[in-house]
Amino acid sequence: MSATTPQAAFEPPTVNRRQDAAGFLTVYRDTLRNPIEMWSEYFFHNRTYTLKAGGRTFMQVMDPVYAKQILLSDADCFKKSYIQDRLLKPAVGEGLLTTEGAVWRQQRKAVTPAFRHEALIKMVPTMQKAASDTAQRISSSIDQAHEECHLDIHEQMVQATYDIIEATLLSGESTNPDYSQRQVADDIAKYLQTVGKFNLLDLFDAPDWVPRALANPGIAEGKKAVARMRAFAAEQIRNRQQQDHPGEDLLGLMISARDPETGNGLKDAELLDNLMTFIGAGHETTAVALTWTISILSQMPEWQDRLYDEVKEVAGDTPIAANHLPDLDLHERVIMETMRLYPPVCLIPRSVCAPVTVGGNNLKPGDHVSIAVYPMQRHAFLWDNPNAFDPARFTEDQVKARDRFVYLPFGAGPRICIGLKFAMMEAVTILATLTRQFHFRHDDRHEIVPQMNVTLRPKDGMPVFVKQR
């Protein structure tokens, strides 16, 4: 399935795997420490894993046939996971990421026009400006360090993607002098580390009144961070609604959006919840995808040179524009292969809401099923040389030859991520801007450890050395 090149054998570092399929206590211990460690070698060589605890069946699937069943053919038998709701709803409420049924369909139809190609093309200059601002910050650090600087590229990617979110969703004036737009990014990180962190009580759907602070002592601060973010987002919506025209950025388009059948727009509460969804999901997932991409490139100078050659041929020295993106094919394939190895969202959880049989397991309402994206995208029986970095997997012929449901960084089926095209456009724009200007070198003193929480972040950041080309 993969092209044979000198670079195909490179295996980017990840966590070590246990050899055995662990029992409940071991899985729980690993999940508290770093959930990605729960996946032993068993998960990379088998189609399903089933565990029974507390009267429930907990099942994980690592097979595209079962993934398609859960996300598409038998989707009505599953709903958003109660565990996912517990982690996400405090921040995003009843937005597209968490709602079900008719409410979800109405919101999706209303928001879809904001993510059509013709609307997204108008946002490429905003993406390019954020990329250029990032390049300028890095250049200044290089100048100060004389020839080569040392910086955390994850911090840079977080700021770059946040700048885009700020420009497309949070561009209104704030009347709160104590809470700047930049503090939103800090509160997102605080939320992910506290409220968005898995807890054993969540596994068994314990009610909200059961205290979680003992297992997660930072949860009180996390809740304050969420409250600040939601208050700030509500203020942005009010300010924009008071304008004669709400604008043509994402927030403006959401405010103006109407269901094509009913003519109804989003209610204020729905606007707030979806604004929070796009702030969190749109900013965080692209940032970690770019971080892992540059981490891989920093260990593979030959691939950096190939990307440099492509962007110079396509865009020369001009700013990256919308008409350049379709021709930056190698940049896109490098990002897609990175998301195979380090999917920003490693797990797609679902709660069973109607009797259904998956992989020979008869499941009942209240049981729990997850698509284990990370092990499926590195599965020994689904991919050639599965742990190796090889962007040739994403040529057109290769993509057509394999099951659509074996690669799920954006999900699939009716609930596929609505921001998929937006995310890829901003990722390619940022990456092409940086690969044209800089050379990245891995810091051998830093151990690369993927840390899974809501997203797959690098533990302790991603320090690299950078110099001008």
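Colleague: Start with S81. What is S81 in contact with, leaving aside its neighbours within four places in sequence?

Modeller: S81 is in contact with P349, R350, S351 and H368. Contact here means heavy atoms within 4.5 Å. Before we go on: this is a predicted model, where local features need pLDDT of at least 70, side-chain atom pairs count only at pLDDT 80 or more, and totals for chains, interfaces and linings use all residues. Residues are numbered from 1 along each chain as its sequence is written, and side-chain values use heavy atoms, with hydrogens and water left out.

Colleague: Fine. Where is S81 found?

Modeller: S81 sits in the loop between β3 (78-80) and α3 (82-92). Helices (H or I, at least four residues) and strands (E, at least two) are DSSP runs, numbered from the N terminus.

Colleague: Is S81 buried or exposed?

Modeller: Buried, because its relative accessibility is 0%. The cut-offs: buried is under 20% relative accessible area, exposed is over 50%, partly exposed is in between, with a 1.4 Å probe and protein chains only.

Colleague: Which side chain does S81 join in a polar contact?

Modeller: That of H368, at 2.6 Å. A polar contact is a pair of N or O atoms within 3.5 Å; within protein, one must be able to donate a hydrogen and the other to accept it, and residues adjacent in sequence count only if both atoms are side-chain atoms.

Colleague: H368 is in β8, then. Which way do the β8 residues point?

Modeller: H368, S370 and A372 go one way, V369 and I371 the other. In β8 (residues 368-372), 5 of 5 residues are buried.

Colleague: How does β8 pair with β2 and with β5?

Modeller: β2 (residues 56-61) runs parallel to β8 over 4 bridges. V61 stands opposite I371 there. β5 (residues 347-352) is antiparallel to β8 over 5 bridges, and P349 has S370 as its bridge partner. Strands pair if DSSP finds at least two bridges between them.

Colleague: What joins β1 to β2?

Modeller: 6 bridges, with β1 (residues 48-53) and β2 antiparallel. The two form a hairpin with 2 residues between them, and G54 in the turn has a positive phi of about 60°.

Colleague: Now the core. Which residues have the most contacts inside the largest one?

Modeller: W39, L169, I371 and L408, in a nonpolar core of 134 residues. Such a core is a set of buried Ala, Val, Leu, Ile, Met, Phe, Trp, Tyr and Cys residues joined through side-chain atoms within 4.5 Å. Helix α12 (residues 268-298) gives the largest share of this core, 14 residues.

Colleague: And H154, what polar contact does its side chain make?

Modeller: One with the side chain of T291, at 2.9 Å. H154 is in helix α7 (residues 153-169) and is buried, at 7% relative accessible area.

Colleague: Why is α17 largely enclosed?

Modeller: Because 15 of its 18 residues are buried.

Colleague: Last one. How many disulfides are there?

Modeller: A search of the whole structure finds 0. A disulfide is a pair of cysteine sulfur atoms within 2.5 Å. The sulfur of C353 is 6.5 Å from its closest cysteine sulfur, in C77, so it is too far for a bond. C353 is partly exposed at 33% relative accessibility.
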